[in-house]
Amino acid sequence: MNSQRFPAGAWTAAGSLGPVTSRQSEPPDTGSRIRIDLHTHSTASDGTLTPEELVRAARATGLDVLAITDHDTTAGWERAAAARPPGLTLVRGAELSCRWYGVEPSIPLHLLGYLFDPESPELVAELTRVRAAREVRGERIVELLRADGIDVDWTEIRAAASGGTVGRPHIAQALIRAGAVATTAEAFTPNWLGERYRLPKDDIDVFRAVRLLRQAGGVPVMAHPRATKRGRIVPDSLIVELAAAGLAGLEAEHEDHSPAERDAVRALAAELGLLVTGSSDFHGAHKTVRLGAYTTGVEAYERILAAGSGVGVLTDPG
C-alpha cells in the first residue's frame with residue numbers, strides 16, 4: 001500500500017504540479033482546483049456510511065483528498081484505506097472529545113488530529129477510556145428514556161452502531177424508529193437529547209490532547225471553534241494558549257459557523273500563524289450537509305503534511 005507525502009508546491013486536481021492560487025479555506029468548485037475535505041465520519045463512530053462507502057462516495061462527489069476523522073477512534077482506518085478508489089488520497093485522523101476546565105462549568109470542544117501514530121501508548125489509552133465512557137453514558141441515557149416510557153432498546157442501538165462507538169446520533173435514530181420524534185434535529189431539541197436526556201461525558205483535557213497528538217506525530221486542529229449555535233465557545237485567550245502548546249490550526253469553513261464567525265476564525269488564525277481548514281463534518285444521513293460542502297485549500301493541506309510524522313497520507317491507488 002503506497003504511503004507517502006505529496007511534494008511541496010501547489011498541484012492541480014489531476015495531481016500534477018502546477019501554479020495554483022487559493023485561500024487556505026475555500027468553498028467547493030467544479031474547476032481544476034484540488035478538492036480537500038478534512039472532517040468526515042463513518043460507522044466507526046456516528047456516521048451512517050461504512051468506511052468503504054465513505055471513500056467511494058467522496059470520490060463520486062469529486063473529492064481528491066478525504067480525511068476520515070471518526071470520534072475518538074481509528075477503527076475505520078484500515079477499511080477506508082483498503083477501499084479507497086482511484087483518484088482519492090486518504091488522510092487518516094480522528095476527532096478527539098476534549099474539554100477545557102478553565103471555567104465552571106467546563107466547556108467541551110473537539111480537536112481534529114491528523115496523521116498521528118495509532119499505536120502511541122498514551123494516546124491509545126486515552127481514546128480507549130473516552131470510548132468506554134461514551135458507551136456507559138449511552139446506556140444510561142437509554143435507561144432514562146425507558147424509565148419515562150420511551151420504547152428504545154440498548155441492544156438494538158448497539159447493533160445499529162455496527163461496531164462503532166455509540167453516540168447520541170444513534171440514540172436519535174432509535175427515537176425516530178420508536179416514533180417519539182420525526183427527525184434527528186427534533187431528537188436534539190431540549191425536550192430530548194439536547195437537554196432533558198443529555199448526560200455529561202468523560203473527555204480529554206484539551207491541553208493534554210494537544211500534547212498527546214503532537215507526541216504521536218499528529219497535527220491538532222480545533223474543530224468549529226466559533227460555532228455558537230452549538231452552545232458555549234472557548235475564548236480567544238484559550239486558543240492563544242493552545243497555539244503556544246502546539247495547536248496547529250483552526251477549522252473556519254463549517255456549516256455551523258456564520259459568515260461573521262468564519263471571518264473571526266480566519267482573523268485569529270492569521271494573528272497566531274495557524275493554518276485554516278474547511279470541512280463538511282459529514283455524518284451521512286445523521287446530517288443534511290453533503291461531502292465537500294466546505295473544503296480546505298492546498299496551502300493549509302501542505303502545512304498539515306509537513307507537520308505530520310506519525311503516519312503518511314495514502315496516495316491515489318490508481
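Two exercises on a predicted model follow, each with a worked solution.

The model is predicted, with local features needing pLDDT of at least 70, side-chain atom pairs counting only at pLDDT 80 or more, and totals for chains, interfaces and linings using all residues. Residues are numbered from 1 along each chain as its sequence is written, and side-chain values use heavy atoms, leaving out hydrogens and water.

**Exercise 1.** State which residues of helix α5 are buried and what covers them.

Solution.
1. Helices are DSSP runs of H or I with at least four residues, numbered from the N terminus; α5 spans residues 168–177.
2. Buried means under 20% relative accessible area (1.4 Å probe, protein chains only). In α5, 7 of the 10 residues are buried: R168, P169, H170, I171, A172, A174 and L175.
3. Contact means heavy atoms within 4.5 Å. The cover of these buried residues includes α3 (121–147), α4 (154–160) and α6 (184–187).
4. Just after α5, G179 has a positive phi of about 80°.

**Exercise 2.** Find the volume of the largest cavity, and classify its lining.

Solution.
1. On a 1 Å grid over the protein atoms alone, a cavity is a set of points where a 1.4 Å probe fits but cannot get out. Points are joined across faces, edges and corners, and the volume is the space filled by probe spheres set on them.
2. The count is 1 cavity of 30 Å³ or more, and the largest cavity has a volume of about 30 Å³.
3. Lining residues have an atom within 4 Å of a point; here they are S45, D46, H71, R134, T165 and G167.
4. With Asp, Glu, Lys and Arg as charged and Gly among the polar, the lining has no nonpolar, 4 polar and 2 charged residues.

Notes: 1 Å grid on protein atoms, 1.4 Å probe; cavity = no way out; pocket = protein on both sides within 12 Å on 5 of 7 lines; lining within 4 Å. Buried < 20%, exposed > 50% of the residue type's maximum accessible area, 1.4 Å probe, protein only. Helix = DSSP H or I, 4+ residues; strand = E, 2+ residues; numbered from the N terminus.
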